[in-house]
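Hi,

Here is the structure I promised to pass on.

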Amino acid sequence: MSRLSVRKTYKLYIGGAFPRSESGRSYPVTSAKGDFLANASRASRKDARDAVVAARKAFPGWSGATAYNRGQILYRIAEMLEGRRAQFADELGGGKRAALEQVDATVDRLVWYAGWSDKIASVHGAANPVAGPYFNLSTPEPTGVVAVVAPADPLLGLVSVVAPAIVTGNTCVVVASEPSPLGAITLSEVLATSDLPGGVVNVLTGRQSELAPWLAAHMDVNAIDLTGVADADLALSCEQAAAENLKRVLRPAAAPDWAADPGIGRMTAFLETKTVWHPVGI
Amino acid sequence: MFEYAPAPESRDVVDLKSSYGLFINGEFVDGSGTPFKTVNPATEETLAEVATASSDDVDRAVQAARKAFGVWSALPGAERAKYLFRIARIIQERARELAVLESLDNGKPIRESRDVDVPLVAAHFFYYAGWADKLEYAGFGSAKPLGVAGQVIPWNFPLLMLAWKIAPALACGNTVVLKPAETTPLTALLFADICRQADLPPGVVNIVTGAGETGAAVVAHPDVNKVAFTGSTEVGRIIARTVAGTGKKLTLELGGKAANIVFDDAAVDQAVEGIVNGIFFNQGHVCCAGSRLLVQESIQEELLAALKRRLGTLRLGDPLDKNTDIGAINSAEQLAKIRRLSDLGESEGAERWSPACELPGKGFWFPPTLFTGVAQSHSVAREEIFGPVLSVLTFRTPAEAVEKANNTPYGLSAGVWTEKGSRILWMADRLRAGVVWANTFNKFDPASPFGGFKESGFGREGGRHGLEAYLEV
């Protein structure tokens, strides 16, 4: 007699813990062929607010960590992901070889961003030669709490939007792909075991059309990435709501090619430039 | 305080016309809206009548800019650079004329328009002129311009804000439609004449005057590729909402409520000068003004005594007098706002103080004002007053200073006064503001990026960073 497998309960990831939605709601997730995979949590507005609180709480520590330390942790995420290569390929489904390639590309993307942590300031900062006896230096600083509406691509796409936001010191609240949210929760298990402080990445699953507007209008969210919003009306209403507290908005003109060289634009979109002046004298 | 003999700068250098048109496609043309008057805020005398651009006029200006874009963006960068260098030189040649006109129209002391505004304007054009043929080295990958830039600027630094907008836009190969503020249009119109003297191709710079409706037409115009605005956070929100979904590139430089933090080891006399410069420079009409003084509790009495003594020596009066420290409030509307918020400060329980200070009978004036006993919840600690009004709060520890400084939706600037280097850097790390002045305040330079965190807006002006707003990145 074959053994009955022990299935995983897919929950949310908030503040380093895995709670169910406080609303008690869930929705069925199916494979591309329509087979039942799991019941994912359908996050509520309260869950979204809790996630923002967790992200805000984690911000001083994460943004205050050394760039070297953040780079080490992103590299650690890559290591943990590599170790669960087969599991992620399984979850992705489809052809095994193609799935493994996706996982490998995701690991490589994390390693790429890990290396940026202590280089972005050199590339994006400046020593400014002002016309007077002043020391003057500009450095890139994280924007704060970033809401990330993740694209449909459940692993490479997801990591390609989360890694650039956090590597520079931001914390984030991620709305996972609505049809394929399970990879985001399994990725959360990787994050939870990679020395990433709780609250740096928070993951919500559920209805994008519910969650995105709440985050776009939340007054303690500093920026929003609308890459995953395919519905133009929804994206527009989110962009308009974001104006209320002047959130930085990232809304790519075209759907990005996740296999292409990402460039530094996704990092600089969520960076502020801080310029410090001091007189020179004896 | 001993008396100074009057030392007024001559107005003769300025040739004021009775009326001004719009500057579109290299020509001064009539506007189709109802003209408005611009007044000297120090005397309430009408300086000139200025055209109002209707949305049709704005459309003509955008068309002229679009047509000029082809030619201008195709010019080799080195040629664009030479036009900008020319403009910088003419600004220097006509510096006194610009300074006097700025003080007449704005009310700021001639000492500031002559020694700060106009030199910075020329420097800004010089700085960005040099970038025009080096854009591929700026680190933004592409060196492609965006197209037509619609720019709306405020009344506090009329010509300087024009320079901050136009110089980088032109250097990158864009053409512009700029709307100056309705209370201070004159130096922008004089700048139009400077463009003509420089033989700048028609349509590269267009100036449309008018009030909010004209600005809204510039921002909403479908053929504008880039919107740049400096002004209030309130209007910034409206603009962000208008631009949402259009794909137009947007930069906003908005309000502030900066903390100027003085520790117990600071050099008191220098700190006092910095506090005065921080909030009374330009009558406090400065988005990055140090309007919240956070003073360490142990030196509160000593510092406030020195500050009050210093405020007693400030000279308020004729903006054209070379000894004037504090000029006129820019408009009756702004004066009413300052009065309303100051009265609110008193009624909410803060203690109000001003030095003995005689205000001229005509014009718009407000004395330098201090509020002590201010709580973080008071309106005078939260709202941008945009006038010569300083709110004083206290703190005990560096952590408390950071907490209070950051307790605002704004994040434009901050000041730190201490002799301890490590503490400066510790504070600078934690202050959520785009500019941190340590043992100095209100310093500006074309090579230094300026702009805010949070609700103070986004994007940077100045320096290499300032190019990003005008390039396809």
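Let me start with A:Gln208, which touches A:Val149, A:Ala150, A:Val175, A:Glu178, A:Pro213, A:Gly228, A:Val229, A:Ala230 and A:Leu234, leaving out residues up to four places away in sequence; contact here means heavy atoms within 4.5 Å. A:Gln208 sits in helix 8 (residues 208-217) of chain A. Helices are DSSP runs of H or I with at least four residues, strands are runs of E with at least two, and both are numbered from the N terminus. With 14% relative accessibility, A:Gln208 counts as buried (buried is under 20% relative accessible area, exposed is over 50% and partly exposed is in between, using a 1.4 Å probe and protein chains only).

Before you read on: this is a predicted model, where local features need pLDDT of at least 70 and side-chain atom pairs count only at pLDDT 80 or more, while totals for chains, interfaces and linings use all residues. Residues are numbered from 1 along each chain as its sequence is written, chains are lettered from A and ligands numbered from 1 in the order in which they are written, and side-chain values use heavy atoms, without hydrogens and water.

On to chain B. UniProt, in an unreviewed entry, puts the feature "active site" at B:Glu253; its positions are given in the numbering used here, feature names are shortened, and annotations may be inferred rather than shown by experiment. B:Glu253 is part of strand 10 (residues 249-253) of chain B and is buried, at a relative accessible area of 4%. Neighbours within four places in sequence aside, B:Glu253 has contacts that include B:Phe229, B:Cys287, B:Phe450 and B:Glu461.

Most residues other than glycine have a negative phi. B:Asp199, not a glycine, has a positive phi of about 60°, and B:Phe386 also has a positive value, near 60°. B:Asp199 lies in the loop between helix 6 (186-197) and strand 8 (205-207) of chain B and counts as exposed at 53% relative accessibility. B:Phe386 is in the loop between helix 12 (379-382) and strand 15 (389-395) of chain B and counts as buried at 14%.

Last, a helix pair: the axes of helix 3 (residues 95-106) and helix 5 (residues 158-171) of chain B come within 9 Å and cross at roughly 115°. (Axes are lines fitted to C-alpha atoms, for helices over the stretch in contact, and angles run from 0 to 180 degrees between N-to-C directions.) B:Leu98, B:Glu102 and B:Asn106 of helix 3 meet B:Pro158, B:Leu159 and B:Leu160 of helix 5.

Cheers
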